[in-house]
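Colleague: I would like to know what stands behind the terms used for this model. Please take them one at a time.

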Amino acid sequence: MFGWEFPPHITGGLGTACFGLTKGLLKHGVEVLFVVPKAYGDESQEAVRLLNASDVPVLIHDPVYREYWDQITFMEIGSNLIPYVTPAEFEEMVTENTRSAEETLSPVFAERFQFSGKYGHDLMAEVSRYALVGASIAANNEFDVIHAHDWLTYPAGIAAKKITGKPLVVHMHATEFDRSGENINSNVFEIERKGMEEADRVITVSNLTRNIVIERYGINPDKVITVHNAVEPSEKSEMVETEKHVREKVVTFLGRITFQKGPEYFIEAAQKVLERDPNVRFVMAGTGDLMEKMIRRVAKLKIATKFHFTGFLKGDNVDKMFAMSDVYVMPSVSEPFGISPLEAMRSNVPVVISKQSGVAEVLNHVIKVDFWDIDAMADAIYALLHYNSLTQMFQTHGTDEVNKLVWEEAAGKVAEIYKSAVIA
Amino acid sequence: MKSLCLYFQIHQPFRLRTYRFFDIGSDHYYYDDYQNKHIVRRIANNCYLPANEVLLSLIKEFGAKFKVSFSISGTALEQFQKYSPDVIESFKKLAKTGNVEFLAETYSHSLAATLNPGEFKRQVEEHSQAVEKLFGYKTTAFRNTELIYSNDIAGMVQEMGFKTLLTEGAKQVLAWKSPNFLYCSAPHERLKLLLRNYQLSDDIAFRFSQRDWSEWPLTAEKYVGWLNAVDKKQEVVNLFMDYETFGEHQKADTGIFEFLHAFPAKVIKSGKWTFRTPTEVSNELQPVAGLNVPHAISWADEERDLTAWIGNDLQDEAFASLYSVAHILAQCDDKDLLRDWNYLQGSDHFYYMCTKWFSDGAVHHYFNPYGSPYEAFINYMNVLSDFLVRVNDYADENGIARKALVIRSKKAEVPPAREIKADKKSAPEKSGKTVLKSAPKPSVRLKKK
């Protein structure tokens, strides 16, 4: 299995999902060899054998690698095709790219390369090197299926398939359209498309993503299968103790403050609720490129005494934030899955989610609104604050619902997909 | 000769418009006129008008041998008058033949029988008056909303002077007994009970066009064959169903109208059966046993109980809030308030809030204009909040006491949101910390490790 990160070294939801999945697979008798660009040594190895790509030597004299290397360097040149950049920026990028290509060659053919393990600016180079290492690992290990998570690892997956002829399963946790709206990076798009084309099976995290894969990438629907994400059972103690210093009810947005997450809709809905009921506080937790714009909007609406920004929250603070919240809102414009509402529900917080999120497909005991329908969003928030039976229903049924979404079950479906790929 | 009793339920609710919380206090009109009009006209054309034609032609052909009965809710009658007067005219024609019985029920197809006896009686009276005014018909038999029935309801209905009541031939009540006899209420013996034969009724209402049904296609010959196979000693078969079965649930192209004409004609020609109205059946037959029904039954779902309308937290809060002002409206003469009081009691609003469907949503989704029970609840509560403000204002203006809630329910006793907040805070303050019940349990899996 090719991943990009593994707990505890995670920057997004991908690592958490991979961890949950591998643990679940173990219950179904599937052994996983997990490859990460850089292992730190303290990763949980209870369910997997972790392979550090930085330790893997590449057999540079094998012509197969040579041939493949030529292909990926070609893909890298393609990365210059980033839309909407000024000529100056473009030139800078090209220069940089050429340089990095040179740099890439030498360390790779020096047999070992230290991966940074981060989403760096020379990401494409790392992706390419990772692919080469993937091929080497494939040639030197015994396995039945190759599983690659997100586009970063698809070249590695393809390389491994080419070398060994074993079936390839690629896992779409997010598409380029989710990350960038319509202004997609065509190179990333191309890697995603190629990965899915080459794959024997494509796993999507929701039907929403499945539709994008079929319609925007033109992938054969027969091999695209949805396996909804699950959530790890909480390891927290029975009671989370926290101090709540405000009397008012608290409505929370928690996530990156980017276009994809729809923060502006949350603010507009907040304004509508506050007009009617001033005894509410709104919190926007997280950070992102739209943060300053959001702060300006809140100031302009003159609701800043009731609307608060926390900045980026980590670990315990996330739990504390949930514990303080009376309503959790996820107004995402496009969300392949969306794990945070499940975390909120697990903390007994009733949630409002956008219909444009994959997680909406598996939840009943939530309120679903269109992300753009701020009237409906405001109405849902108001109702959760004022009609008590609604909150009670969500607390009793919502927790049950989340507890049923276990990785073991999702992994069972993945194991079936492996079987079908091996047989085919 | 055996009796065959045909009864059709007709009901249309006043559906609510999307009513946001910021409308509370500023906009007092709650109904989706466009949708209501559109739906009533559509069903009039698909079902009521063509089906009435078929029945009328059967009456012309067979005279006194063919009879039929209807219950039409008050809110349906109002909408016909408003949006489709031709439907009223068509029913008047049927009424004039003398072969049609109209049944009494609650005006707004409400659950008042279960929740507020005083309001129940008022609604039944209002409905009977409306039927008499429109069709010149004095009701003698009663059927409750969705055939909901219990011993208590029997008592109230008998007290109001009805001799006959229609309900479901529910298994939990009948056990080994057959629905094909006349029964009476055990504690209120003068009230005769006609019980729906759900097997034969649902063969038409639900299964008629189901291609994966082993008996599909259902022909008049086959159906009459089943009727003739009914045990010799049994006296009456009660076929009760939604009138919308004809042309709406089962579309015209399934052949349902041809069936509606062919099967009564065949039944009559066989010479073994005669069609009778509920009151005729009740006058003619002797009850074979008394039925004891302490827990309410209905004709809904597999459970045949009230769980589609009553029992989850949402429904309980909505009912408790609604009936908390019943005593004010009992003394009210404001036309607008009384209109809304009727419309807001419609059982449909509460049906939309049912959460038991999450496992098997098929039938339910067809009838539900909301995306989820939670949306239905939010919209209803917004409307109700505005209504309650108006009713309480009226009470203040007219010196009527705002009383504590009438319905006993633990939700009803919960104070409004802001006070709860204070409670939540005050209790744990002793320890200086607020303990929030964010208490996800560690999984079994992790415990093992």
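Modeller: The model is predicted. In chain A, 49% of the 424 residues count as buried.

Colleague: What makes a residue count as buried?

Modeller: A residue needs 20 or more other C-beta atoms within 10 Å of its own. Of the 424 residues of chain A, 49% count as buried, so they meet that cut-off.

Colleague: What do you know about contacts between residues 24 or more positions apart in chain A?

Modeller: Among contacts with a separation of 6 or more, such residues account for 69%.

Colleague: How do you know which parts of domain 1 of chain A touch domain 2 of chain A?

Modeller: Domain 1 covers 13-230 + 410-423 and domain 2 covers 249-404. Two residues are in contact if their C-beta atoms lie within 7 Å; 15 residues of domain 1 are in contact with nine of domain 2 in chain A. Helix H6 (176-180) and helix H8 (207-217) of chain A each give two or more residues to that side of domain 1. The residues of this side divide into four nonpolar, nine polar and two charged.

Colleague: Why do strand S3 and strand S6 of chain A stand at the edges?

Modeller: The open sheet of chain A has the order S3-S4-S5-S6, with parallel pairing. S3 (146-149) and S6 (224-226) of chain A each have a single partner strand, so one side of each lacks a neighbour in the sheet.

Colleague: What makes strand S5 and S6 of chain A a pair?

Modeller: Pairing needs at least two bridges. S5 (residues 201-204) and S6 of chain A have three bridges, in the parallel sense, so they count as paired.

Technical notes:
Residues are numbered from 1 along each chain as its sequence is written. Chains are lettered from A and ligands numbered from 1 in the order in which they are written. This is a predicted model: local features need pLDDT of at least 70, side-chain atom pairs count only at pLDDT 80 or more; totals for chains, interfaces and linings use all residues. A residue is buried if 20 or more other C-beta atoms lie within 10 Å of its own, exposed if 12 or fewer, and partly exposed in between; C-beta atoms are placed from the backbone. Domain bounds come from an automatic or database domain assignment. Helices (H or I, at least four residues) and strands (E, at least two) are DSSP runs, numbered from the N terminus. Ala, Val, Leu, Ile, Met, Phe, Trp, Tyr, Cys and Pro count as nonpolar, Asp, Glu, Lys and Arg as charged, and the others, Gly among them, as polar.
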